[in-house]
Amino acid sequence: MMEQLNIDKDMHVMCIQASSFPHGVLEAHQQLHAQIADKESRQFVGISYRDANQQIIYKAGVEMLQGEALLPGTEVFVIKKGIYLSEFISNFRTDVQVIGKTFTEMLKHPSLDPTGYCLEYYIGEDDVRCMVPLKE
């Protein structure tokens, strides 16, 4: 069930861009996880959007700690505060394609921010919250 959620402050995330979409997504997450020591206290995300050539760019990300330096091969992405359309998916690993199907439906919303992105907010090992920003 889709609902609206408010992200009340910008979140800086350290990202590794996937070599391709969808085939490079898992590898990007694995590379990022291999470099992060304190996984339990951090929020992991996936960010995707289309570039100027309409190719999907995917970035595996992790919330940055205050004053933390970038790790090798990473870049910063800022998840903007604001209102997001959201849907919680339980046990997504049983059917990973449900994430894409969910975003396909979300991207039809009439109040979608045209400069936005698709955001996967991982909750534990098996759950994910899919989000897209709405126009203010």
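Visitor: Before we start, what does "contact" mean here?

Guide: Contact means that heavy atoms lie within 4.5 Å of each other. Please also bear in mind that this is a predicted model.

Visitor: Understood. Which residues is Val45 in contact with?

Guide: Setting aside neighbours within four places in sequence, Val45 is in contact with Val13, His29, Lys59, Ala60, Gly61, Ile79, Leu119, Glu120, Tyr121 and Tyr122. Val45 belongs to strand β3.

Visitor: Is Val45 buried or exposed?

Guide: Val45 has a relative accessible area of 0%. The limit for "buried" is under 20%, so Val45 is buried.

Visitor: How far is Val45 from Met14?

Guide: Their C-alpha atoms are 9.7 Å apart in space, while the two residues are 31 residues apart in sequence.

Visitor: Let us step back to the sheet. What is the order of its strands?

Guide: The order is β1-β6-β8-β7-β3-β4-β2-β5, in an open sheet of eight strands with antiparallel pairing. At the edges are β1 (3-7) and β5 (75-79), each of which pairs on one side only. From one strand to the next, the twist averages 35 degrees.

Visitor: What holds paired strands together in general?

Guide: Strands of a sheet pair through backbone hydrogen bonds, either parallel or antiparallel.

Visitor: And β4, how many bridges does it have with β3?

Guide: Strand β3 (residues 44-50) pairs with β4 over seven bridges, in the antiparallel sense. These two strands form a hairpin with five residues between them. In that turn, Gln54 has a positive phi of about 70 degrees.

Visitor: Which strand is joined to β4 by five bridges?

Guide: That is strand β2 (residues 11-17), which runs antiparallel to β4.

Visitor: Why is β4 described as largely enclosed?

Guide: Strand β4 covers residues 56-63, and six of its eight residues are buried, so the rest of the structure largely encloses it.

Visitor: What about the pairing of β6 with β8?

Guide: That pairing is antiparallel and has six bridges. Within it, Phe88 stands opposite Arg129 in β8.

Visitor: Where do the helices sit?

Guide: Helix α1 packs on the sheet, where it touches β2, β3, β4 and β7, and its direction makes about 20 degrees with that of β4. Helix α2 lies across β6, β7 and β8 and runs at about 25 degrees to β8.

Visitor: Which residues of α1 are buried?

Guide: Val25, Ala28, His29 and Leu32 are buried in α1. They are on the same side of the helix, because they cover an arc of only 95 degrees around its axis. The buried residues of α1 pack against β2, β3, β4 and β7. On the other side of α1, Leu26 and Ala34 are exposed.

Visitor: And Gln31, what is its accessibility?

Guide: Gln31, also in helix α1, has a relative accessibility of 35% and counts as partly exposed. Its C-alpha atom is separated by 26 Å from that of Lys101, which is 70 residues away along the chain.

Visitor: What does Val128 contact?

Guide: Beyond its neighbours within four places in sequence, Val128 is in contact with Glu87, Phe88, Ile89, Phe92, Ile99, Glu120, Tyr121, Tyr122 and Ile123.

Visitor: What does its side chain make a polar contact with?

Guide: The side chain of Gln43 makes a polar contact with that of Tyr121, at 3.4 Å. Not counting residues up to four places away in sequence, Gln43 touches Gly61, Val62, Glu63, Tyr121 and Tyr122.

How values were computed: Residues numbered from 1 in each chain as written. Predicted model: local features only at pLDDT ≥ 70, side-chain atom pairs only at ≥ 80, totals over all residues. Heavy atoms only, no water. Buried < 20%, exposed > 50% of the residue type's maximum accessible area, 1.4 Å probe, protein only. Helix = DSSP H or I, 4+ residues; strand = E, 2+ residues; numbered from the N terminus. Pairing = 2+ DSSP bridges. Polar contact = N/O pair within 3.5 Å; in protein donor to acceptor, adjacent residues only side chain to side chain. Axes fitted to C-alpha atoms, helices over the stretch in contact; angles between N-to-C directions. Arc of directions from axis to C-beta.
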